[in-house]
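Visitor: I'd like a quick walk through this one. Could you show it to me and then take my questions?

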Amino acid sequence: MFQVGDVVTAIDGTKIGSFSDMQRIVVGRAGDQLTFTIKRGDSTLELRGTPELKEVKDPFGNTHRQGVMGITRATTPNEATTEKVDPATALWLGVKETWFVVDQTLSYIGNVFTGRASADQIGGPIRIAQISGQVATLGLIPLLHLAAVLSISIGLLNLFPVPLLDGGHLLFYAAEVLRGRPLSDKSQEFGFRVGLALVLMLMVFAFYNDFHQVPWLRSLFG
């Protein structure tokens with residue numbers, strides 16, 4: 001059992017350097033048993049726990065479904081610190097952050113298809129604009145971070161093997177390499193039609209979620 005004063009140093013072998021590092025792992029692992037490496041006084045021990053899927057509201061009132069352990073951090077004055085790093089380290093940290101966004105995005109999509117996560121977290125341009133406005137009130141750095149996350153997510157989506165997207169073109173090129181000749185015009189046309197249908201369905205679904213998730217939009221048409 002966790003006790004007051006415990007310090008989490010690793011989760012499933014992944015080193016934890018801050019409370020936010022632990023949150024990043026826990027929120028996307030609802031229902032999975034995790035192994036926590038704990039420093040308690042002079043002792044090191046391992047505890048197991050399973051995050052529970054709950055609806056949590058952020059400071060702006062937005063509701064998110066995520067894994068929760070029920071653990072809080074002990075805050076101290078001047079807790080937030082900044083650290084200067086050299087360009088090479090900054091590049092490596094950027095790569096790690098990019099991979100984290102990609103991993104979380106793919107995990108969420110996989111959980112949606114397996115029924116472990118709700119698709120109502122998918123939002124369209126209206127919701128993105130709403131969240132951007134909210135994050136902008138926190139300062140320039142959080143806004144830049146959000147812009148980076150959106151850029152990575154959109155870039156990842158564009159690489160999905162769906163005709164009409166760049167990933168679809170790569171799929172056609174791969175098929176051409178394997179077959180030794182391009183796909184027929186009829187096959188490519190059919191693929192583009194299927195891709196267009198999929199993209200349009202995703203857009204409609206995202207706008208549908210916007211309507212139900214954005215309060216002012218719901219009240220406007222309600």
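Guide: Let's begin with Phe 36, which is buried because its relative accessible area is 0% (buried means under 20%, exposed over 50%, partly exposed in between, with a 1.4 Å probe and protein chains only). A word on the basis: this is a predicted model, where local features need pLDDT of at least 70 and side-chain atom pairs count only at pLDDT 80 or more, while totals for chains, interfaces and linings use all residues. Residues are numbered from 1 along each chain as its sequence is written, and side-chain values use heavy atoms, with hydrogens and water left out.

Visitor: How many aromatic pairs does a search of the whole structure find?

Guide: Rings of Phe, Tyr and Trp (its six-membered ring) pair if their centres lie within 6.5 Å; planes under 30 degrees apart count as stacked, over 60 as edge-to-face and the rest as tilted. With that rule, the search of the whole structure comes up with two.

Visitor: What is the angle between the planes of Phe 2 and Phe 36?

Guide: Phe 2 sits in the segment before strand E1 (7-11) and Phe 36 in strand E3, 34 residues apart, so the pair links distant parts of the chain (strands, E, are DSSP runs of at least two residues and helices, H or I, of at least four, numbered from the N terminus). The ring centres are 5.3 Å apart and the pair is edge-to-face, with the planes at 90°.

Visitor: Is Phe 2 buried or partly exposed?

Guide: The number to look at is relative accessibility, which is 26% for Phe 2. That makes Phe 2 partly exposed.

Visitor: Which residues does Thr 35 touch, not counting those up to four places away in sequence?

Guide: Thr 35 lies in strand E3 (residues 34-40), and it counts as buried because its relative accessibility is 18%. Contact means heavy atoms within 4.5 Å. On that basis, Thr 35 touches Ala 10, Ile 11, Asp 12, Glu 46, Leu 47 and Arg 48.

Visitor: Is H3 roughly parallel or roughly antiparallel to H4?

Guide: The axes of helix H3 (residues 125-136) and helix H4 (residues 140-158) come within 8 Å and cross at roughly 150°. Axes are lines fitted to C-alpha atoms, for helices over the stretch in contact, and angles run from 0 to 180 degrees between N-to-C directions. Angles under 35 degrees count as roughly parallel, over 145 as roughly antiparallel, 65 to 115 as roughly perpendicular and the rest as oblique. So H3 is, relative to H4, roughly antiparallel.
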